[in-house]
Amino acid sequence: MKYKRILLKLSGEALMGNRQYGIDPDRLAEYAKDIKDITDKGVEVAIVIGGGNIFRGLSGASKGMDRVQGDHMGMLATVINGLALQGAMEDAGIETRLQTAIKINEVAEPFIRRRAMRHLEKGRVVIFGGGTGNPYFTTDSAAVLRAIEIEADVILKGTRVDGIYTADPEKDKTAIKFNNISFDEVLSKGLKVMDTTAFTLSQENELPIIVFDMNKKGNLLKVVSGEEIGTVVNV
């Protein structure tokens with residue numbers, strides 16, 4: 001395996017499958033199988049998951065809701081998704097721990113860096129819920145922050161698109177895919193990979209990002225093995 005320790009970033013929308021909202025158990029089972037394929041190879045896996053399939057604080061704020069309250073609702077949505085993913089992975093035989101940035105002791109462990117790293121060393125998958133625990137920060141920022149804290153080798157951003165393009169490939173059929181691109185090029189070309197805060201934090205810490213299609217079976221194993229799947233963003 002090319003990478004020993006990874007942080008996998010999943011969007012909440014990815015859990016919907018073909019539904020309009022909520023969680024698709026079949027999609028969860030597919031993800032759990034793909035994750036087991038790499039943990040069986042000895043890869044240490046941490047996961048940050050969004051909450052957009054349940055609630056987005058930003059969309060709530062755009063309709064008059066208090067932004068801080070909306071963001072806290074979004075954090076709780078990520079915990080719900082984390083619990084769902086934890087259940088699916090444990091059904092697949094993966095030992096898993098859910099840690100949250102906000103204290104919900106009856107549901108999950110609080111995030112403690114040393115404990116998280118110890119879980120990873122013991123072969124457990126660690127899911128980080130609750131974002132950063134602060135409003136105004138996205139789960140992209142949480143993913144980069146946690147990746148740096150646990151000393152991950154790479155951030156794998158699993159999406160429904162197979163990499164970074166010059167434009168949205170679902171809308172523009174002439175869009176051209178990048179196999180490799182630098183942080184500076186992404187910024188100069190105005191390409192959307194992560195929100196600016198998260199992307200800058202990743203760049204400053206020289207933490208590479210790989211954007212790939214998580215919904216294609218076997219892609220996660222191919223990426224971790226070092227195959228040229230998706231787009232690599234590097235210094």
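Colleague: Which residues does K157 touch, not counting residues up to four places away in sequence?
Modeller: This is a predicted model, in which local features need pLDDT of at least 70, side-chain atom pairs count only at pLDDT 80 or more, and totals for chains, interfaces and linings use all residues. Residues are numbered from 1 along each chain as its sequence is written, and side-chain values use heavy atoms, with hydrogens and water left out. K157 is found in strand β6, where strands are DSSP runs of E of at least two residues and helices are runs of H or I of at least four, numbered from the N terminus. With contact meaning heavy atoms within 4.5 Å, K157 touches K9, D140, V193, M194, I210, V211 and F212.

Colleague: Does K157 count as buried or exposed?
Modeller: Buried means under 20% relative accessible area, exposed over 50%, and partly exposed in between, with a 1.4 Å probe and protein chains only. The relative accessibility of K157 is 14%, so the residue counts as buried.

Colleague: How many Å apart are D140 and F199, C-alpha to C-alpha?
Modeller: In sequence, D140 and F199 are 59 residues apart. In space, their C-alpha atoms are separated by 8.3 Å.

Colleague: What separates the C-alpha atoms of I164 and V211?
Modeller: I164 is in strand β7, residues 164–165, and its relative accessible area is 4%, so it is buried. Leaving aside neighbours within four places in sequence, I164 is in contact with I176, K177, F178, I181, L191, V193, V211, T231 and V233. I164 and V211 are 47 residues apart along the chain, and their C-alpha atoms are separated by 6.8 Å.

Colleague: Why does N81 count as buried?
Modeller: N81 lies in helix α3. Not counting residues up to four places away in sequence, N81 touches G12, L15, I23, I49, G50, G51, N53 and I54. N81 counts as buried because its relative accessibility is 0%.

Colleague: Which residues have the most contacts inside the largest nonpolar core?
Modeller: A nonpolar core is a set of buried Ala, Val, Leu, Ile, Met, Phe, Trp, Tyr and Cys residues joined through side-chain atoms within 4.5 Å. The largest one has 35 residues, and those with the most contacts inside it are I6, L8, I35, I47, M89, L156 and L220.

Colleague: Which elements give two or more residues to this core?
Modeller: The helices are α1 (25–39), α3 (67–91) and α8 (219–225). The strands are β1 (5–10), β2 (44–49), β5 (125–129), β6 (154–159) and β10 (209–213).

Colleague: What does M89 touch, not counting residues up to four places away in sequence?
Modeller: M89 is among the residues with the most contacts inside the largest core. Beyond that sequence range M89 touches A32, I35, I47, I94, T96, V125 and I127.

Colleague: How many residues are in the second, separate core?
Modeller: This core includes F111, A142, M194 and A198. Its size is 30 residues.

Colleague: What is the phi of E151?
Modeller: E151 is found in the loop between α5 and β6. Phi is positive here in a residue other than glycine, with a value near 60°.

Colleague: How many helices and strands does the protein have, and what is its radius of gyration?
Modeller: The protein has 8 helices and 11 strands. The radius is taken over C-alpha atoms, and the globule rule is 2.2 Å times the number of residues to the power 0.38. For 235 residues the rule gives 18 Å, and the protein is close to this, so it is as compact as a globular protein of that length, with a radius of gyration of 17 Å.
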